[in-house]
Amino acid sequence: MKKLTDWLEKKVYPIAMFFEQNKYLSSIQYGIMLTIPLLLLGAFACIISDFPWQPYQDFMIHLFGEEAWASWNWSVLNPATFGLIGFVTLIGTSYELCRKNNVSMMPGVIVSLMSYFLLIALDENSMLSMNEFGSSALFLAIIVSIVSCEIYAFCLKKNLVIKMPGNIPKFVEEQFTALIPTLISGALFLTVRFIIQTTPFETAYNLIYGLLQAPLTGLGTSFVGTMVITFLNSFLWFFGLHGTNVVSAVMTPLWYAARDANLLVYQADALALRPYIVTNDFANMIIFLGGTGLTIPLAVEMIFCCKSKRIRTIGKGGLLPGIFNVNEPIIFGLPLVMNPVMVIPFVLVPIVCTALAYFAMSFGIVPLPTGVAVPWTMPFFLGGWLMCGDIRGGLLQIVILIIAGIIYYPFIKTLDKKYYEEEQEVTVE
């Protein structure tokens, strides 16, 4: 284990330093980190809203009324937390990139906001769709913020600005200075919008996710298809794309069909062999167990095995939501997004654990999913037990979480050493 840790420090750490020193990547990370308060509140709201215990749900419905209890989170609070991840990242990335470019920050943010709103589209009711602001729009927000801020910085550095008299207050001067960059960005993104409208995608949002989702269409619920989907989910998340949304948009209809087929067989004969391994419940309870990356054991290691206060604090904030399969606090808080030290386990863990679960069911060690729907927030062990109608399903989840923890350990220790040394240097100063 020590040899692996030493290798990571010598080979991977220099790559991490390159990422940290790159102005674009570090600006993106800054923007993503701004979403942590929203993520924590939204994660705990999901747990409260969808706590998988029917007596609890019945009590809350009786206390607040069915309509209020059904809508307070998903229709009201969730759009104001998870639903703003892309929008907040746009603001934060723009602000930090302007700061790194040594230009006034707030005018640059305003240029980015204008550019973004030029690309997003109205729905059939002439309203803005919340899809345009949430995590599924994260990649679009990052692209817009970088392009618009670079245009803004280029114009200022090349002196392509409107000159004002010397007695004008600085705040007023900055707004006129931003006028030409605003005009250029506006013309560019307006042109891009109308070009995209001539394509079958119609909107920038649809274009990005359509191009990403198109190669996935032919994939089914086979082992190879499941491995590809599992890899893409983590890989896209690493680059700031909402991999789960991309994958689920294509695969959910297939997974639901597989679940329904299993349920028909199970209802006819509970002991009969079900036709499908990979169903919607398999995806929720195995591929996305604890959230993308199977990060529950990682959160435990962050709390109990790390010295860095930053890592331990994020672990404490992410453990409880992770138990209920909500792990954005870990993904964006550690972060796992754009973190080259953690990319190997973040991608490897789901592949290894999903493959193990698939073969355990293929060889009859663990029963196949029954087709009975299991809430996606069901904690591990209970979720696997309910999915398979057998305690072996729960034990399978525990086994793969242990394996995930073993894989994560040397990598989180490497990152912990780096963060801890940085914290000690700050303390000494």
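This is a predicted model: local features need pLDDT of at least 70, side-chain atom pairs count only at pLDDT 80 or more; totals for chains, interfaces and linings use all residues.
A pocket, in the sense used here, is an open set of grid points where a 1.4 Å probe fits, with protein on both sides within 12 Å along at least five of seven lines.

Select His242, Thr244, Asn245, Glu328 and Trp376, which lie nearest the centre of the largest pocket among the 36 residues that line it. Then colour the lining by residue class: 16 of its residues are nonpolar, 17 are polar and three are charged. Helices α5 (66-80), α13 (243-268), α14 and α17 each contribute at least two residues to this lining, and the largest share, seven residues, is supplied by α13.

The phi of Leu294 is near 50°, a positive value in a residue other than glycine, and at 0% relative accessibility Leu294 counts as buried. For a second case, select Glu202 in the loop between α10 (179-197) and α11 (204-213). Glu202 also has a positive phi, of about 75°, although it is not a glycine, but at 51% relative accessibility it counts as exposed. Most residues other than glycine have a negative phi, and most peptide bonds are trans.

The peptide bond to inspect next joins Leu334 and Pro335, and it is cis, with omega about -10°. Pro335 is found in the loop between α17 (328-333) and α18 (343-362).

Finally, display the salt bridges, of which the structure holds six. In helix α6 (residues 85-100), select Arg99 and Glu96, which are three residues apart and therefore separated by about one helical turn; their side chains meet in a salt bridge at 2.6 Å, N to O. Glu96 is buried, with a relative accessible area of 7%, whereas Arg99, at 42%, counts as partly exposed. Lys100, four residues from Glu96 in α6, forms a salt bridge with Glu96 as well, with the closest N and O atoms 3.5 Å apart, and Lys100 is partly exposed at 31% relative accessible area. Through shared partners, salt bridges join Glu96, Arg99 and Lys100 into one network.

As a last stop, select Asp390 and Arg392, whose side chains meet in a salt bridge at 3.1 Å, N to O; Arg392 is partly exposed, with a relative accessible area of 35%.

Terms used
Residues are numbered from 1 along each chain as its sequence is written. Side-chain values use heavy atoms; hydrogens and water are left out. Buried means under 20% relative accessible area, exposed over 50%, partly exposed in between (1.4 Å probe, protein chains only). On a 1 Å grid over the protein atoms alone, a cavity is a set of points where a 1.4 Å probe fits but cannot get out, and a pocket is an open set with protein on both sides within 12 Å along at least five of seven lines; lining residues have an atom within 4 Å of a point. Ala, Val, Leu, Ile, Met, Phe, Trp, Tyr, Cys and Pro count as nonpolar, Asp, Glu, Lys and Arg as charged, and the others, Gly among them, as polar. A salt bridge is a side-chain nitrogen of Lys or Arg within 4 Å of a carboxyl oxygen of Asp or Glu.
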